[in-house]
Amino acid sequence: MDLLAQVPQLVVSGITLGCIYAIVAVGFSIIYSSTQVINFAQGEFVMIGAMVAAVLLAKTSLLVAFPAAVASGCLAGALVALFVLIPLKRASVISLIIITIGTSIMFRGLAQLFWGESAIPAPPFTGVAVQGYVEDREFHLFGAYIRAQELWVIGVTALLVVGMHVFFRYTLVGQAMRACAINQLGARIVGINARRMITASFIMAAGLGAVAGVVVSPVFYAKCNMGTALGLGGFCAAVLGGLGNFAGGVAAGIILGIVESLTGGLLWSDYKDAVAFVILLVILLIRPEGVLRKRAEA
Amino acid sequence: MDGSGSKRIRGGQAAPVRLRNAQVLNLLPFLFFLVCYAFAPRVVNEAQLTTIIYIGIYVLLAVGLNLLMGYAGQISLGHAAFFGIGAYTSGILTAKPIANEVIPGVSVGFAVLSAVALFLLLTRVSGWKLGVGIVLLVLLGWLHNLSSIAPAICAACAVVVMGVFGLVAKVGWSRACVSGAVLAILANVSKWFLRNTLERGGASPWTGLLVGIFLTAVISYLIGSQVLRLRGHYLAMATLAFGVIVEIVFRQWTAVTGGSSDGIFNIPPIQFFSCIPGFMRRFYEMAAGKTVDLRTQYYYLVWAFVFIAIVLAVNIVRSRVGRAFRAVHSSEQAAASLGVDTARYKVQVFVLSACMASVAGTLHAHNAGIGYIHPSEFGFMVSVELVVMVVLGGMASVWGSLFGAAAIQTLKDTLLDLEKTNPEFWGLKLQGLDPIVFGAVLIVVMIVLPQGLVRGFSDGLSALWRGAGRIKKQQGVG
């Protein structure tokens, strides 16, 4: 088969993947700007959302599965916030990293315990039932087949990003969170409860991740070890776009998704899983001074 | 401040006597260790001995990682990669020699890696010069891969091209020349070596050990010299990415590593008794109180390495280098301002700890009676497990690592035994509990005892002691 003919299809799946990276990147940014912590459990929130949704979608409708999945994601976020907040004052960077890693593998272990190691398929949101099996609608565009579910992913991502922007810009809570991110002491002086804002930022990042997990579960199957790769990809996007910069993270996430899909599909199909990691490593190595300068300023 | 200073000076006059006491005290743990080492096979059974061998391998890993994490304060979430590189190098060389058609590619790749590492080490360049240097070395390596050109011409090309590049880029032509020459030499030597190994059907495990250490040193230097410029979260992510990439290579490079379906099996155990003098053999037989079988032999070998590693680590920690590590840990800027070459020390400890991991990997691959390796043994979870061991035993505590590794390995065994009984809890099959338990251990230890169990315990004791002393003093005054 002609390789070039695959490009549109690969771009479409790349954009879908990139949307998830983008949401995870936004999650990293939210938590980083409020606590200067990189939350290694970020990818697990997507996993939790996807797993809960996949399990519930098999039994009930989307109207039940969606809120349940997002709620369990938020709960997980609150748990991480609790573990990080207890020692936040006196802990070193290494211990915070270790705590979030601990939570991350704990979530993965629990998911494996409850739902097993194998991948769980989920029916698409707007599909057509064919002989007891829900098949997704497909559109044909520029030589690529686009599934309705992929449109869902893209649409929800766009909605979330706009929502985030409005929230941080125009609501009181959002402004308070931004104040905390800029100067925690100053925020506390004017009466903002910093701990509550930090907890809120974890819950929000987790909720976002869980939403991403829900919409993506029919596209990639939900699996208990899907979190690491998504988390690293999202981190890569967050660094590329600049930590704390939402728009940059979103753009970088989508670009990263497309690049990963194209290189994996066209060049090294055996090493498809490694592409995101290689890109991450290369970016960290090429621009460490930029990354570090940002840290020094913060 | 003043008082303690003068006390220290006064103490200095009486130093000889005190020092001797201190030395004896410091030697005690080692003596205790040696006695346990020699006589352990008398008291434990076969299954326990197997566990103890595994503990030894993980202690090696944990001690190495502790030097990096606890003393130098640099996190590595990809340490299992070096463990795997050691294991795979030795496993491949001894049990599954590289097939003829892959040999040129592998040896040239190896030569290029080494040459780039040497180039970096000698010239210490960065930015575009480094990029061009790497590209040139890769191209020259590709030249070596073409069988139509005589090796001598390739070698001459490599030296001349690198020399010219060194002149043009002003990075020292002689140093660049050396890296070109090493590229040529290594490419041919490793080709010859791999062919020879294939003909003989496998190398000796000792060769595997040495080659593994060399390869690990090269790779860890390449990675470390670049990655260690990063800090905190970035470093953690970069090492994590590196670890995952290496695991994917183990899984996917089926022509060499056997891939994830097979792994490598029938790896011969290391025959260590045939290499030592007779009196040592008699000593071991006397200590074990029986004829020393393969498994007991292997136990002695692994723990001999552990002993060496601990002595090495304790000595490094107490030396000038160890102080430099700690200075880097507490404040990199302050250390640098006092003239500590922080970058060099960080890379040194990274390479050292990677090499220790590689030795552990070789020992793991040749484990008597098992001799089997699989990519899943070197994945992200293993790296996390190593971090758990270090954290539990206490960062910046060499003996703590021993304790941490032993505790985690025992815990793993207990969990495995528990899972064999197919336990159920509210209708939930309890399987695969390791991640949950390890995650919980990480969180709890980091929150409650960030110094680790050993340090936390001894700190608690000494606080009690001091508290008691203070009370006594107050009573005396009263």
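Which side chain meets that of A:R108 in a salt bridge, and what is the N to O distance?

Mentor: The partner is A:E44, and the two side chains come together at 3.8 Å, N to O (a salt bridge requires a side-chain nitrogen of Lys or Arg within 4 Å of a carboxyl oxygen of Asp or Glu). This pair links distant parts of the chain, as A:E44 sits in helix α2 (residues 42-57) of chain A and A:R108 in helix α4 of chain A, 64 residues away. Helices here are DSSP runs of H or I with at least four residues, strands are runs of E with at least two, and both are numbered from the N terminus.

Before going on, keep in mind that this is a predicted model, in which local features need pLDDT of at least 70 and side-chain atom pairs count only at pLDDT 80 or more, while totals for chains, interfaces and linings use all residues. Residues are numbered from 1 along each chain as its sequence is written, chains are lettered from A and ligands numbered from 1 in the order written, and side-chain values use heavy atoms, leaving out hydrogens and water.

Back to your pair: A:E44 and A:R108 are both buried (under 20% relative accessible area; exposed is over 50% and partly exposed in between, with a 1.4 Å probe and protein chains only). Over all chains, the structure holds four salt bridges.

A:I98, A:I105 and A:L113 supply 15% of what chain A buries against chain B, more than any other three residues. Between chain A and chain B the salt-bridge count is zero. The rule also finds zero residue pairs in polar contact across this interface, with both residues at pLDDT 80 or more (a polar contact is a pair of N or O atoms within 3.5 Å; within protein, one must be able to donate a hydrogen and the other to accept it, and residues adjacent in sequence count only if both atoms are side-chain atoms).

Now for two salt bridges in chain B. In one, the side chains of B:E247 and B:R251 meet at 2.8 Å, N to O. Both residues lie in helix α10 (residues 232-252) of chain B, four residues apart, or about one turn of the helix. B:E247 is buried, at 14% relative accessible area, whereas B:R251 is partly exposed, at 27%.

In the other, B:K346 and B:E332 meet through their side chains at 2.9 Å, N to O. B:K346 lies in helix α17 (residues 342-365) of chain B and B:E332 in helix α16 (residues 332-337) of chain B, so the pair ties together parts 14 residues apart in sequence. Both B:K346 and B:E332 are buried; for B:K346 the relative accessibility is 5%. Leaving aside neighbours within four places in sequence, B:K346 contacts B:Q74, B:L228, B:V328 and B:E332.

B:E285, in helix α13 (residues 278-288) of chain B, is partly exposed, with a relative accessible area of 33%. Not counting residues up to four places away in sequence, B:E285 touches B:K290 and B:V292. B:N266 is found in the loop between α12 (259-262) and α13 of chain B. B:N266 counts as exposed because its relative accessibility is 64%, and B:N266 has a positive phi of about 55° although it is not a glycine.

Methods:
Buried area is the accessible area (1.4 Å probe) that two parts lose on being put together, summed over both. Contact means heavy atoms within 4.5 Å.
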